Amino acid sequence: QHFAHMVELVRRGKADGIIVASMMCISRDIPDAFKKIGQLKVVGGVMVSVDDGDDLDMDIKEVGVYGC
């Protein structure tokens, strides 16, 4: 629920992206992490993981797959 709210803030232009300590904190597994990054990219945001030290930019082509 919190993640969906953050994505909505990005969609409305209230934020540019989301910073997390670790993707493991907000994702159950790798497919879930991929889905969340995709949802954020669809609305024009970026995901930054402090543990990874970089933005998580995945080349996502099919928007409909992510339930947005």
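1. Accessible areas here come from the Shrake-Rupley method with a 1.4 Å probe, and for residues only the protein chains shown count as cover. On that basis the chain exposes about 4700 Å², and carbon and sulfur atoms supply 54% of this area.

2. This is a predicted model, in which local features need pLDDT of at least 70 and side-chain atom pairs count only at pLDDT 80 or more, while totals for chains, interfaces and linings use all residues. Residues are numbered from 1 along each chain as its sequence is written, and side-chain values use heavy atoms, with hydrogens and water left out.

3. The chain has three helices and three strands, in the order α-β-α-α-β-β along the sequence. Helices (H or I, at least four residues) and strands (E, at least two) are DSSP runs, numbered from the N terminus.

4. Of the 68 residues, 31% are buried; buried means under 20% relative accessible area, exposed over 50%, and partly exposed in between (1.4 Å probe, protein chains only). Contact means heavy atoms within 4.5 Å. Among contacts between residues at least 6 apart in sequence, 54% join residues at least 24 apart.

5. The largest nonpolar core has ten residues: F3, V7, V10, I18, V20, M23, A33, I37, L40 and M47. Such a core is a set of buried Ala, Val, Leu, Ile, Met, Phe, Trp, Tyr and Cys residues joined through side-chain atoms within 4.5 Å. Helix 1 (2–11), strand 1 (17–20) and helix 3 (30–42) each give two or more residues to this core.

6. Strand 1 has I18 and V20 on its covered face, and G17 and I19 on the uncovered one. Strand 1 runs parallel to strand 2 (residues 46–49), joined by four bridges; two strands pair if DSSP finds at least two bridges between them. In this pairing G17 stands opposite V46. V20 touches I26, M47, V48, S49 and V50, leaving out residues up to four places away in sequence.

7. K36 belongs to helix 3 and is buried, because its relative accessible area is 14%. Beyond its neighbours within four places in sequence, K36 contacts F3, I26 and S27. The charged end of K36 sits over the ring of F3, 5.6 Å from its centre. The criterion is NZ of Lys or CZ of Arg within 6 Å of the ring centre and within 35 degrees of the ring normal.
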